[in-house]
Structure formats: C-alpha cells, structure tokens
Amino acid sequence: MRNFTSLLFAGGLGFFLLVLAADLPLGAPPMLAGQGVLAEGAAATGAANLVTAVVLAYRGIDTLGELSILFAAAAGVGLVLGRARRRPDAEADPEGGFILLAAADLLFPLLVIVGLYIVLHGHLTPGGGFQGGVVLAAAFFLPLLGRPRNALDHAVIGWIEGLAGAVFVGIGLWALAARGEFLAPLLGKGTLGALFSAGTLPLLYIAVGLKVGAEIAGLMSTLQETEAAGS
Amino acid sequence: MTADAVTLAVALPLLAGFLSPALGRSSRTAAQWLGWAALAASAAVLWSVWVRLDGGTAAVAVGGFRPPLGIAFYLDGMALLFALAVPVVTLLFWPRAGTPQQFALTLVLAAAATGLALSGDIFNLYVFYELTAVASFGLVAAHEARRAQAAALRYLLLSAAGSVLLLAGIAVVYLRTGTLNLAHLATLAPERLQDPVGLAAFALMLLGLGVKAELFPVNGWVPEVYSSVSGRLAGLLAGLVSKLAVLVVVRALVLVFPRPEAAELMLVLGTLGIVVGELAAWRARDLRRQFAFSSIGQLGIVFVAFSVPGPAGIVAGLAVALHHLLTKPALFLLAERWGGAIEGLRGAGRGQWLASTLFILFALSLVGVPPLPGFWAKLLTVMSLMEQGTGPARAGAVVVMAATVVEAAYLFRTLGVLLARESGAESPQPHRGPDLATASLAGLILVGSVFALRPLGDGLKALAAQAVDVDGYVRTVLGGPGMAVSHPASQAPGGAGGGARVAHVPPEIAS
Amino acid sequence: MYWITVLVVAVMVLSALAVLLLPNLLAAVAASSVVSLALSVVFVIVRAPDVAMTEAAVGAGLSGVILVLALRRLGLWGLGDDNRPQPERFSGTGDDA
Amino acid sequence: MSLPPLEIVLYAGAVSLLIIGLAGLVMSEHLVRLVLALGVAEAGGNLLLVLTGFRQGAVAPILLGAAPSGPMVDPIPQALVLTAIVIGVGVQALALALVLRVRRAYGTVHMSALRARLVEDLDEAAGLPPEGSREAPGVERPV
Amino acid sequence: MTLLDGLWAASALTALVAAAFGRHPAAGSWLTVLYGLQFLVVAMMGGLSEGADPVPASVSFVVLGYGLAWQFSALSWFFAVITAGAALAAAWFVSGAWGRAYAARGGDLRLLQLALALNPLAMYVLLASTDFLSLFVGWELVSWSSFLLMLSGGGVGVRWALRYLVYAIGGAMAVMAAMAQAHALTGSFGFGALAAAVPELSAASLWMLVILLAAGFGVKMGLLPFHLWQAGAYAETPGPGAAFLGAISSRMGLYAMLLTLFGGLGLGTLQALHIPFTPLEAHELLAWIAAFTMVLPTFTALRQNDARWLLAWHGIGQGGYMLLGVAMGDALASAGGMMHVFNHATYQAALFMAVTAVVYRTGTADLNRLGGLVTRMPLTFLVLLIGIIGLAGLPPMNGFVSKWLIYRALIDEGQPLLFVAAVIGTLGTIVSVYKLLHNIFLGRLRVEHESVREVPWSMLTPMLALAAVVFVTGLAPGPVLDWVAAVQRELGFAVLVPTLGGVDRPDGGLDMLWVVGIMLAGFGVGALIFLAGGRARTVHQLDNYAGGHFLSAEVRYHYSDNFYAGLMHRIGSWYRGSFQWLQDALVSATDFLAQGAAGVYRAVQPVTWLLGVTVLALWWAW
C-alpha cells in the first residue's frame, strides 16, 4: 500500500515535471545574465574559462559558501565518527597486495602533478580547484588503502584546510581593503590564455584546491580509520 | 564604514570557523574567543551599517560585479534586523561545553544565516541554505546521545530531498527568466512567471525551503531533532534558523511571485501547520516535544501572517516571527532545566521562582495576553486576515484563534503540573546559571517591549513598507543611489562608464 | 550524435533504476558510479566540460570510494550473499518496504 | 514520426533521475540505499540545472584562441552545478558517517526499524512509558 | 489627575500592598481601608449617574496606530460601584479571623490577597473601555485575574481554573474575531463607527457580529451552553474570592454585551435582525437563551449537595434573568435586568460569605453533613435567610423588585412562554434555596457540631452590611433604579422613571414601601398570634423524631441526606448532564484530531510527506 502510494506520487511528480517541459524554453534559454557574462566575462576577469570566471569572480561568494559546506561536512563527519575511531589495538584491515602497494607508490607523484596541473590551469581550461583537489586527495589517500595502519596526520590536515580557507577569505578581505569590495578581482589581468593571468583567480583556485584536497583526504581517512561496525 | 563592509558579517565568522578546529587543537579557549570575537565583529559591522543607512536601503555588489551578473546583497531594514539577530542570538546560544568543531559549525551556521538574511540572489540563497543545513546536521549529530545521530540522519535525508526540489525550482525559474538576481527577477516576473509554471516553481521552492522553516507537512524532523539535542541548539534552530528560511520565502513571495495563488498555498499549508502542530502539542507527553510541536504551530502562524499581501501581512508576520524568536528559544532553555515527561514534573517548578515566573511570562505572551507583545502580534495577524476578507483568510484567522485556545490549554496544564502543591518530582535538575540568565534576558526584553510598543510598531511598519517596495528594491539593486560602484573592468563592452549605471545593463538583460 | 545521447541517457536511467533494485549494495554502488559516468558523458554532450570533469571526479570517483569505504565499515562489503536481509529488522511496524 | 529534440530527451532523463531518486528516498529501507537514492536525485537536479543553459549548436564557454567560434552555452548554470555537485558529495559523506554511527548505536540499517527505535529512545529519554502501553493507556485530558 | 486615575491608582496601590505584605494577616485591615478608599473614589464619581460628563483617564496610548483611551460613564459607574462594594466586603471578610485561619491551614494568603486586589483593578480598566480594543485588553485582564483568583486556593480549584481558562480564552477569541470583523467592516474599533455603519451592513455580517459577541461574552456570563465551567470554578475558589467572583465577575460579560451589542450595534438593530424561517428576532433569540439559562442551571442547583456549588449554579441561573430583562429591551425589563445585577451582587456575596462562615466553623459545605446550626450561628442564619429571600426573588428583599419588573415587562410585551420560563426558574430557585437553608440551619444538629459558635465580628460585619443592603434596597429601590435609569439613558433604552419605592405606572406600579409595610404588619399579626397562643414548647435540638421513631445520637439517620430525592426521581432525568455532552464531544473531537495530528509525524515517513505535498502543490498550480 505504502509503496503503491509512493509510486503514485513519484509518477505524478514525474508527470507534472514532464508537462512542465512544454512551457519551458529548452534549448533556447533566455540567458539574460548569461549573455552578459559571455560578453564581458573575459575582459572583466581575464579568465579564458568563463565557467571559472563565474565560479570565482562573479559568484565568488557562492564558492566560499560551497567550501564552507564541504568544511562543515568534514567537521560533521569528524564529530560523528570522532568517538568511533579505531582503537590502536583494534584489528586493522590487512595490508594491500603488491599490486596495490606498487600502484599507490607509482601513482602518488603522478596524481600530485596532475592535480596541481588541473588546479593551476583552472582559469584556462576545464577543471580547477575542485577537480584538482579531488585528485590531490586521491593521491594522498591511495597509499592509505594499501597500508591501512598508516594514517594521515589530522592536525596537519586541519591546519591546511583552515589556512587554505583563511587564504580564500583573506584574498577577499584584501580586495575589500584595496578596492572596497569583498572578493573583487585584484592584480593585473594579464594576457588572456596565459598561465599567469586572471589576477587573483588562480590564487583563489589554489586555495580551493588545497582546501578541497585536505578536506576530502581528511574525510576519507576518517572513514578509513573508523572501526568496522557490527563487531 | 561603507555598506560594502557588510560582507564582513559573512566572511569573518567563516574565517573564524575555518581556523577554529585547527586552533582548537592547541587551545580550546583561543578557538572560543576567536569565535566570540568574530561574532561580535559581525554584529558590530551590521550595527554600523544599520546606523549608517538610517532607514534607507542599499545594495552591495559582491566582488564588484553588477547585480544581474554578479551576486548582490540587499540591505533593508528587514534584512539587517534579522542579520543582526543572527550574531546576537548565536552568542547567547553559544555551545559553551562544545568542542572546537562545534564552535566551527556554529560559526559557519551564523555566517550562513547572515547570508540568508542579506543575499539577493536565489542560487546564493540556496548555497547559504544548504550551508545552514549541513552545519545544523553536524551540530545535531555532535550531541552525545545516540538518538541525536538518528534524528540528524533522518533530518538530513528529508532536508536533502527538499534541497533537490528547491534546486529544481531554481532551475525552472532560471530557464524561464535567464537570471538569478531577485531584483532582476522582480522586473521579469510579471511577464515570465505569471503562469502555472511560475506557480509550480514557487511551490517547489516553498516546499524546499519549508523543510527548514518547519512548514507543514515537511517538518517531520522537528519533534525528533528538538527533543534530541540540547536546549541551546534547539533554541538556535527553532528561534533563528527557521525564521531566516521564512524570510527567504517571504522575499521570493513579495518580489518574484506576487500572485494570490502563491500566497494562498502558503496560507493553506500554514493553517494546516497550526492545526497539526498545536493539536500534537496538546497531546505531547513530554516538555520538549510539546515545545517542538508548539514551534510548528507558531511557524504556521508566521506563514499564515506572511501570506497576507501588502505591508499589513509583513508587519503581522514580522511581529509573530520576532516574538517567537524571543520566546521559543527561552522556553527551550527552560525545558532543558526541567525536561522529561510532563507528569513527572509535579511540583518541579516550586522553589524555582525565577524560572517559573519566566515560564508563566512566556506562556502568557504566547497565548497572547495583553499587553504582552504576543497579543499584539496575534491581533495584527487576525486583523490583517480579516481585513483581507477571503474565505481561506477568514478560515486562517479562525484557526489561529482556535489554536490559541488549545495552546492555552496545554501550556497552562503544564504550568499547573509544574506548580502543583504536591511534589512528585525527584530532585530538581542542577542549576544552570547561564541558561537561566539567557532566558531572563529574553523575558526582560519581552517585558521591556511592552513599554516600547509605539516605537516598535512604527519601526515594524517602516520595515514592512520597505519590504514590499518592489520598485525600490529593483532601483536599489539594478542601479541607482546606494548601489556600490561597480568595478571599472566589469563594465560591458561599449558601456559609457561611470554615470548612469542602468546603461550598463545590456538591452536584452534589462528587458 | 543524437542516438549516442539517447543511448547514454538510457544507460543512465537504467543504472539509476538498478541502484534501487539491485539486491547487492556493492553492485548498487557500482551502478550509482555508472550513473555518474553516464551523467558526465551527458555533460560533455551539452558542452559542459568543467561539470563533466567534476562529475567524473567527484560523482563517479570520490563518492564511489566513500560509499565503498562506508559499506566496508558497515560490514556489507563483498559480492557474496553476506548481504541478506537483516535479521534484526524491526517487526510490527507494518511498513517494511 | 518525428523524434523529440535532443534537449527534450535530456530533460526527460533529468526528470527520470529526479523521480527515481525521490521514489527511492521514499521507498527504500536500507539506509545506504537511501543515501544512494539521494545521490541519484541530486544527479537529476544537476542535469536539470545544466540543461537550463544549454542551447543547440553552441560551444563550451571557454575562449580558445582569439575569437569564439559561434555562440556559447550559458556558463552560469555550469558554475552553479559545480557548486551543487560539491555540496552533494559533502552531504553524502556526512550522511554515510551518520549511517555508520547509527548502525553502531542502534544495530540496524533499516529506516523503519530506526524510526521505531528512535521513538522509543525519545520516550525513554523523556522518562515516558511507551505510548499505548499498560502504564500509559492515554493522556489525561485537560478539560 | 482625574478621579478615574485616582481609582486606578488606589486599586493599584491596593494590589501593591497585597503583593508586598499580603502574607501577614495583619495587613488585612490596611487592605480593607484601601478597598474603602476605592469605594470612596467610586462614590465621588457618583455624579455620573446624574448625567455628569464622563470621567476620562489621563493616560492614553497609541499602539500600532490604534489609540487606546479610557473613560468612565454612567454604565461604567454602575458596575464599578458594585465591584468596589463587593471587593470591600470580600476584603473585610478576609481581613480578620478568616485570613488568619486560611494562612494557618497552609493557604497562600498573599496570593489570595493579591488576586483579590488585581480583580477589581482589572475590572476598573475593563469598565473604562471606550472602544473594542480597550474593551478586549480589559477583558483579557479580567479573565486572567479571575483565573489567578481561582487558582489561588490550589487543590481541586486548579483543575476548575484550567477549565475556566479554556472557556475564557475561547470566549476571548470569539470577541477578538468580532473585533477584527468590526474593524474590517468599519475601519475603526469605535462603537460609534459600528453604530453608524449598521445600515450598510449585510444581515450576514450583523449576524456574525451578534453571534460572536454574544458567544464571547456569554462564556463569561455562563450562558447556555457555555456555562459548564462556572459553578466549579467559583465554588472551588477560596470563600471570600468566591463571594467576589460570584457577585460581580461574570457580570462583566453583561457589561460588555451592553456596551457592544446594545450600545454599539443598538437594540434597534437587534430588534430588526430577523432569524430566517422563524418569527423570532435576534433579541428574542438572546431572550430565549437567557430563559434556558434561567431554568436549567437553577434545577441543576437543586441537585447539588455542596452549598458552594449550589450557590454557584444559582449565579449562572440568575445571570439569565439579567440578560432576559436587557434583551426584552423595554423600559421596565431593561431596568429590571440591570437592577438585578446590583441585587444579585449583594445577596450572592452575602450568601457565599454565610456559607464560608459555616465552612469556617464546621469545616464542610456538604449539605448532607450539616444541619441545625440556627441556634449555634443565629446571625449567620439571619444573613443566609435574607440572602435566600433575595435570591428567590420574594418580597421584601431587593431581588423581588428586579424580578417583578421583568415579569411585568414580559406580560406587557406579550411573551407568555418566557414568562412561564421565568416563573419556573423562580420556582426552582425557591425550592433549592430552601434546601440550602434547611440543610444547614434547620433540622437536626449533628453531634460533631454541638460546640460550634457564631463566627467573629470581622466576618459578620460585611455579611450583615450586605444583608442590610439587600433589605434596604428592597424597601426603597428608588436610588438604585435611578442609577439604572442613567444607564438606560446612556445606552439608548427607554428610560424608567422610578419613585423611591419602585415604579409608578397608571396600569399598576410597585411601591415597596407599601409592600414591606403590609408584610411586616402581617408578620406582626402572626407573631402576636404565635406568642398569644402560647403553645410553643422548647425542646433540645437532639430531642426529635422521624418516622415515628425518636432519634438519638446513636441512630445514624439524617433526613437532610439526599434531600429532594423524590423530586429528583421525577424530574432529574429531564436535564441531567445538560450540555455536558457538548463539552465532552468537543473535547473528544479535539483529542481525536490531536491523535491524528500526532499520527502525522508517526505513521508516515517525512520524505513521503514531502513528495506527496509536492505533487499536490504542482497539481494545484495547474
């Protein structure tokens, strides 16, 4: 009975949303704000990747909020699982096999480089702090899978994420002091498409990358360190 | 200090929040002081902006990108009032016994709540809304008892489902209008959102936001969460966070969806919320759940009041919301003191005269006894509903009044138990000084406001007049005096530069 | 191009159904990663390479890893039949799925 | 029979994901599956949002070389979705952590069981006998 | 500073003193002086009843754009003088031995004194209302202060007080609805604006106003079917509090009705408001409700075995007479109805005090456990006797005058059915007050009461004073009728011009001086015959018999037990539990709904609600 009603409701919702499509300008959106960004985004921010321009410049505070959400989630996970950490004497997962260990060691530098590349070129090509940060986190987390007894130093992670967040806010405050506007673009725009261009955007993305990387690495290692349930 | 500095009110608590866990590893006290300092600074910034605006309005283009493209913060009386309430209430309800992580989450919650009050961009509001949500999940789950974690998980799933709906609503609005800015939407709404699609978008957004705003029936988390966590956190969530979610709904209703159908949807759900909340509270057998359900009922009244179009509804809604903001957290603190099953509290209030007196005061005000502020709030609500004169509005008024009877019945039944002569209670709970002080402060403000009814009323009217002034909003945000000077580089190609800023908006944007 | 899109969308929707219907949770997690991968392909098709990258990295990669880790900690790890319906299921609520 | 345009197909896919996710949220019992369903629903919402900026025959909003080679899709929704994806994963991680904790505390990973235990727990915390039990057949009425 | 300010100040001072020193029994005398001061200030405003200009208060507020102002008029003054008198009498009663005993038994004397002082204060505020808003503010204050007074005794009273509270808030909400409706219709809270707008209002709007106001204020008056709270709430209040409440508290409902329905909407409006499909108009509907209120509670009183409950039930019934008189609306009836307010206050206070005096000495108000106290407490007996004669509406007491006016008007107006109802009510009253008198004072003295003595003078004085007022205003109702005439003039009723002894009408008036004279002469003759006959023989109180058996202390038989058993057997089933079913049904319905409401959060997963309501909202959006 309950499933029936639920299906009915879900079907109804789907029906209404599909009917909605008839009245929506799909494929030819009005793009009022979008046109504006397309027209002036590159000039205003110096970023070739207009998505990055939007993420970091036009909607920089959204990104700050998003970082905070990730931060809050990581802090929440820490709070929830903090007491459930594995006791030192508890049985850990077995060490990974040779392939995993070798792969982790080999991949580590590769992943770090790729991650940094993605972060640094965020204003030019697809990718940026978030994607790069995830890759960086993977770089640091993979070895842990192989050697479960090792653990990341949560104090270091805490400082990295705290300072990276502080740098992001700090750049915003710097702008507030220098230009009177929080998170306004600073420094020269440079040449469109060059690595050192787009003012503070790459700096912001580096902060984002570090913060995301640190948070996700911390998050995963907290999960990894959690004692298995049901024991 | 310019109006642009208002971004500090969001940024500083976030900054402190980011640093708090790391700092807390070496010194918990330092983290605590950092948080207090950030909140105090946030309050100071907001206060100075309030003083500087002196009843006017202003818009702040965050990052200097002019509003239809960038994100704008809109500052009027209503926004600043609630924004200012955030750091103050957060300081009062600071988790003293918490860990640095809890401090961080509280700070993040405060920053997000401030953002909710100020932001004038629907997606930015969504981000702040989610931030509020995630921070409150963390805070709820941080509580020791296992029931808190279960409640937090259920809350999270419900809230996340609501967020998906909210996101879908935003997608529909964006697809229709091509913009996210509330002011820009306000200019576009008359031609682009005045149809069933617009209404559907509003319904999606209302229900998404309603999860936090304790809107019936998407408030199943309320009794579970409020009876699992400490009185301080419950007070913070019930008092502050729910109001800010309501504020967002009201902004959307006034600016983007000024249709009678939209208001009616709010009215109907609010009315049902009153009925269900108050009745469930009548039946509740323990103090915390009684207050939790009562909170649902009160939020129902807030929704019903805000559903009245025009300044009358805003005045009534603000009055009810502020009154609830004052009383319910304090009641949760008192519930913390006594707690537990109502029948087990026989005589527990005897000998604790301050706490009992405060309880009586809040109960009287909630029921609406003149001359306490609760009465005026209720009177304004009923009057504005009757003035509106439609069938649903009258029904809403009747329900508000009938709920008052139920509310009086259960509140004073509880009070009768608390003050019963025969004592069946075990030893009363340990004395919690700070909690009682906070509750006393709320009581003092409540009583004090009786003597300032006239200025308060005038102030509310001024706020409401500002809040319903859609033209003023649009003028302030999209160009006109008070708007922050946009960044030179962000001018549109071919723009004249300086001067009239409306000219910067490309023709197709300004349409 | 059109048919590729239709195919990808179909894979996406079917995997989404599989997420709900597969009895084995590990398989369901895998299906959810497939959803994310298909979604990132769709994002490429709608000219959103940034989003596609993020979805691939975060949706398919990161959240898959987190889910698998969580399953492992829950003791539901594995492809075998150690994923039977839980014996401690609460009886008497009458609203079991 | 003419085929529906591409964006309608995509829109239908997005709505399907949304509905499947929400239906899963309502109907699933297993907590992990609820989290998975939430992820599916969020994916649907994200796709919906990206579609709001999609237009036929446009290119990605990245300036390569000197001049854009034709119209570009709207970059704003893409930025929004970037944000939404990261939010989603944060929420998901938190949810999973809570599932782990709840499993440890209550020994169950089933929603209805969890709810029943939670209600019992709340009653117990408040010092109440379970509703409808012999000790408390009902509440005394005030009038 | 006007006299009204002075009255408020005096009353507030009384409350302050009560709050500060009320715990000490010695403070009682000071409080009595302060109540005397209040009475004096009210008396100084006596010019109001002779057509003087209204006395305004010098305080006024503007809140949220609405003005709040107060003033005393003839109507206010009439009720205020009764309030002040009742408060004075009650306070005097508390001030001495009773208060000491109350405190000694563990009662919270300070709370009682405070509540007793707050009640008149709230009433003075209410009585000075000038528009709906100030009326509502005062109304709530009165409701809550009487709630406090009911609570002050603790014990069973708390339960009844809570029930009262629910009813009172319900009534207040009806008033609030009426007020908001009036504001929506006229754009102001003023009664004048409402009166001016009446011609434009639709019958539906008028009916809504009439019903809301009548129901809202009717709750306080204990009109059927909203009367179930009153008897218990008043009876379980500590004695002097019950005397005060029974005397005047529920009359505030009549005051408010006079102000809003009869003064605001206007009697003419009520008389023109026709009930569809019936020959009745609105004022007749009110009259019929009043008639049922006269009859049913009176017969319920007949069944009571607790003296306080019996009196409290009568209080409800007597309220019916007042409304009946006012609703009939002609000069005689309205004068009778309003004068009955005064009369009822005097004898009801005296009766409650007499019963409280009995409780003070014997420890019980149970009519099955009392009897034969006439020789032990002769003065209390006298007060009770005078009181019940007034309550029954028999000459020579003041109750007769007001009831005569009402009967007379009913005959004049051609309302035989209402007349019969009034007579039945009076019959029930006579029968039941006889039970009161008999079961307490007559018949066989119980063994445990042999050592009972008369109560001290601190309690007797106010009782005797009230009894004297009952008699004197019965002998010479002219002054009170003068006050009433001023009220009639103010509210636009036809005015009754009284004489000292009553009314002088060409078709047969009433002159109480003659009536009393003839009665006393008759009693004199009777007394002469009795004394001259010399057949009386005094025996000991325990020296009596029943059913042919001599009764001694060992025989546990007492014929006042279950008094009127036969009568009850005949008629009891006619009105058993009248309207109790309504209250039970409402409570059960609320409880049922509340279970459903709680089920909303228990039976269904929250996300299901989210999904369901989204679909419904989208559906509705189409």
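Is α3(D) mostly covered or mostly uncovered, and how many of its 32 residues are buried?

**Before selecting anything**

This is a predicted model, in which local features need pLDDT of at least 70 and side-chain atom pairs count only at pLDDT 80 or more, while totals for chains, interfaces and linings use all residues. Residues are numbered from 1 along each chain as its sequence is written, and chains are lettered from A and ligands numbered from 1 in the order in which they are written.

**Stop 1: chain D**

Select chain D and colour by secondary structure. Chain D has four helices and zero strands, in the order α-α-α-α along the sequence. Helices (H or I, at least four residues) and strands (E, at least two) are DSSP runs, numbered from the N terminus. Of the 143 residues in chain D, 66% are buried. A residue is buried if 20 or more other C-beta atoms lie within 10 Å of its own, exposed if 12 or fewer, and partly exposed in between, with C-beta atoms placed from the backbone.

Next select residues 75–106 of chain D, which form helix α3. This is the answer to the opening question: α3(D) is mostly covered, with 31 of its 32 residues buried. From first C-alpha to last, α3(D) reaches 46 Å, close to the 46 Å expected at 1.5 Å a residue. The expected span is 1.5 Å times one less than the number of residues in the helix.

**Stop 2: where chain D touches chain B**

Show chain B beside chain D. Here 37 residues of chain D are in contact with 38 residues of chain B; two residues are in contact if their C-beta atoms, placed from the backbone, lie within 7 Å. On the chain D side, α1 (6–27), α2 (31–51), α3 and α4 (111–125) each supply at least two residues. The largest share, 15 residues, comes from α3(D). By class, this side of chain D has 29 nonpolar, five polar and three charged residues. Ala, Val, Leu, Ile, Met, Phe, Trp, Tyr, Cys and Pro count as nonpolar, Asp, Glu, Lys and Arg as charged, and the others, Gly among them, as polar.

**Stop 3: chains A and B**

Among the eight pairs of chains that touch, A and B have the most contacts. In this pair, 55 residues of chain B are in contact with 52 residues of chain A. The largest share of the chain B side, eleven residues, comes from α5(B). That side divides into 35 nonpolar, 15 polar and five charged residues.

No contact joins chains B and C, and their closest C-alpha atoms lie 15 Å apart.

**Stop 4: strands in chain E**

Select residues 55–63 (β1) and 66–72 (β2) of chain E, which pair in the antiparallel sense over six bridges. Two strands pair if DSSP finds at least two bridges between them. Ser60(E) stands opposite Ala69(E) in β2(E). The hairpin has two residues between the strands, and Leu64(E) takes a positive phi near 55 degrees.

Finish at the open sheet of three strands in chain E, with order β3-β4-β5 and antiparallel pairing. Its edge strands are β3 (498–499) and β5 (510–511), each pairing on one side only. Two bridges join β3(E) to β4 (residues 502–503), and Thr499(E) stands opposite Gly502(E) in β4(E).
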